[in-house]
Amino acid sequence: MDNLLLMMAPLFSSKLLLVLFFGTLFGLILGVLPGLGPTTGGALILPFTMTLDPLSAIVLLTSIYCAGTYGGAITAVLINTPGTPAAAATCLDGYPLAQKGEAGRALGMATVSSTVGGIFSVIILVFFAPILAQLAYEFGQPEYFALAIFGLTMLASIGEGSPIKNLIAGAFGILISTVGKDFMTSIDRFTFGINELTEGIGFIPVVVGLFAMSEMLTQSTLINQVFNRIALKAIKLPTKDDYKKTWKTILRSSGIGSFIGVLPAEGGTVASLIGYSEAKRFSKKPEEFGKGSIEGIAGAEAANNAATGGAMVPTLALGIPGSATTAVILTGLIIHGVRPGPDLFREQPDFLYGIFGAMLIANVLFFIFGFFGAKIFARITLVPNKILWPMIFAVSVCGTYSLNQSIIDVWIMLFFGVLGFFMRRYGFSVVPVIIGLILGELVEGTLRQSLVIFDGNWLMFFTRPIALTFFVLSLIALAFPLIRAKKIKK
Amino acid sequence: MKNVQKQKRANKSLPFFFRDEFKVSFVIIFTSVALLITTFTFDIVPPILNRGIQPATFPKALLVLIIVMTLLIYYLATKNPWKIQKKLPKSFFLTLLSFFIFVVISKTLDFFLAISALSIFVSYYWGEKRILYLLLVGIIFPVIVFVFFETILGLRFPPGIITNIYYS
């Protein structure tokens, strides 16, 4: 009961409501614009959150996350380009349905299923995050090391890219985290005599560089691209018949999305692809998929929004990001001095339940905004890149500079922008770099402290049951892409 | 599907040092080896103070792991070549050049001027020829961002020919 009251706290705070309102609105705009999305948008807004108290800052980021994930569907349906990667599966049926003159119906279903998926996942978050946090009390340094390794091996199965390339990117992210003074001995590593590097490489220059700047370079290669935009008259609520056809799919995808979201390093993109394929597998009319099936839209959208709450579970309970955007939220927590983990649940329940409540309200808000404002948001896609991206550059540069008032940070951002572009060009996802960077300190710190506890005996790791379980899960995570590849070949 | 196969065949017909998989693997391995050599220059903690492993051990292990995995992707690519990427357009190189110009101007003249110059340069080469819009992205918007950061976030931008006038 107390927790429920804590969840309702954002409703009674005009400041938090205002933050939620702007966060949801901003998230929708970001989601609608192809190439931006909640991860890049979250990274751009991160420096601004320094002016807010920690709860408002995280509420802002989570509302951007929820609304941005939904916003991608608007672009997917109207211009056949996913506003966010998580909306890629929505294109498959959303656009064909829009071509048939039913854009309003397609967006109506996307809005309803996204809202249901999002609310379902917040319920999962409220129940499972405290349980997971309770379990984490059993964790010592070796268990945290094994857990972090599990989180990193899950990178192997992110998206559809090469598992080994994802692991290389993850290892590179950890390597970046070793730059600067060694936290145990204060010995300089990879500083090359540059004073600014002794404090290490900050999260924000890397995140903004890898997401926003690399996207700017990607957009520079697409300036002649022409979108076939379908006009939207008005969004329509699904009919009784649509609900009859899709309620099972929405519930199933909500469950799938929440589960996939809970897995470390996985996120909305994987969730929506699995949600979509499961919707097709269970459908009575699988032949309609890809030609404008309403079930396809429901399956993909419920799953990707359900992944938002799911992804917050390991992020808040263990400090292991559940997705790329939660990695940005985790960065937000860290720069505001909040250390996620079991202690957070015991010491700051008002903070945590405030976030849960805010996520719930954000899901309702984006339903209202989406339903009444989809037509206006659709017009945002008309802002030409030649105007939009120079503006994003100005915000990125000032935002990155603002954190430490360091011009070196701006150059680091540009360096990672160029690096991120080439990584993406050659099939290396940039998400593992961020997750590696965030988990790097945890991996190295817990490894070294464990070895101190074990007196340098590596084999002692295998005498700890929880650690051993995570190592076995890591092996399964590494083997999974190989099994999947063999299945596809067959 | 046919196009991908065609591209793969085309990639296979190139000498190995022109193929993307070789170039990418070479750059990763070369950089990793250079960094690995650097780790041997890290200070060593005396045994009496050392708890657990030396500070250089962890980065060394990571770099070796990266090299091994890169060799593995190269080996796999010899069996299944990567598809050839489209040539990068002129607009990409101009955007890259604008990053370089930004660094030079922000270092030598002024941070604000550098943002302004890049915005106008990029917008123009991406196809915007209307003066009003160029002024919007190159001057009006950067001024709004500058004032926002300066007044609301209390940020002090680095000294330069324009920022000095503003601050004086």
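Leu30(A) lies in helix H2 of chain A, which covers residues 14-32. Helices are DSSP runs of H or I with at least four residues, numbered from the N terminus. The model is predicted; local features need pLDDT of at least 70, side-chain atom pairs count only at pLDDT 80 or more, and totals for chains, interfaces and linings use all residues. Residues are numbered from 1 along each chain as its sequence is written, while chains are lettered from A and ligands numbered from 1 in the order in which they are written.

Leu30(A) counts as buried because 27 C-beta neighbours lie inside 10 Å. The cut-off for buried is 20 or more other C-beta atoms within 10 Å, with C-beta atoms placed from the backbone; exposed means 12 or fewer, and partly exposed falls in between. Beyond four places in sequence, the contacts of Leu30(A) include Leu36(A), Pro38(A), Ile64(A) and Gly71(A). A contact requires C-beta atoms, placed from the backbone, within 7 Å. The C-alpha atoms of Leu30(A) and Gly72(A) are 8.2 Å apart, although 42 residues separate them along the chain.

Helix H7 of chain A (residues 163-177) is also covered for the most part: 14 of its 15 residues are buried.

Helices H3 (residues 38-45) and H8 (residues 203-220) of chain A cross at roughly 120°, and their axes come within 9 Å. Axes are lines fitted to C-alpha atoms, for helices over the stretch in contact, and angles run from 0 to 180 degrees between N-to-C directions. H3(A) and H8(A) are therefore oblique to each other.

Key:
Helices (H or I, at least four residues) and strands (E, at least two) are DSSP runs, numbered from the N terminus. Angles under 35 degrees count as roughly parallel, over 145 as roughly antiparallel, 65 to 115 as roughly perpendicular and the rest as oblique. Two residues are in contact if their C-beta atoms, placed from the backbone, lie within 7 Å.
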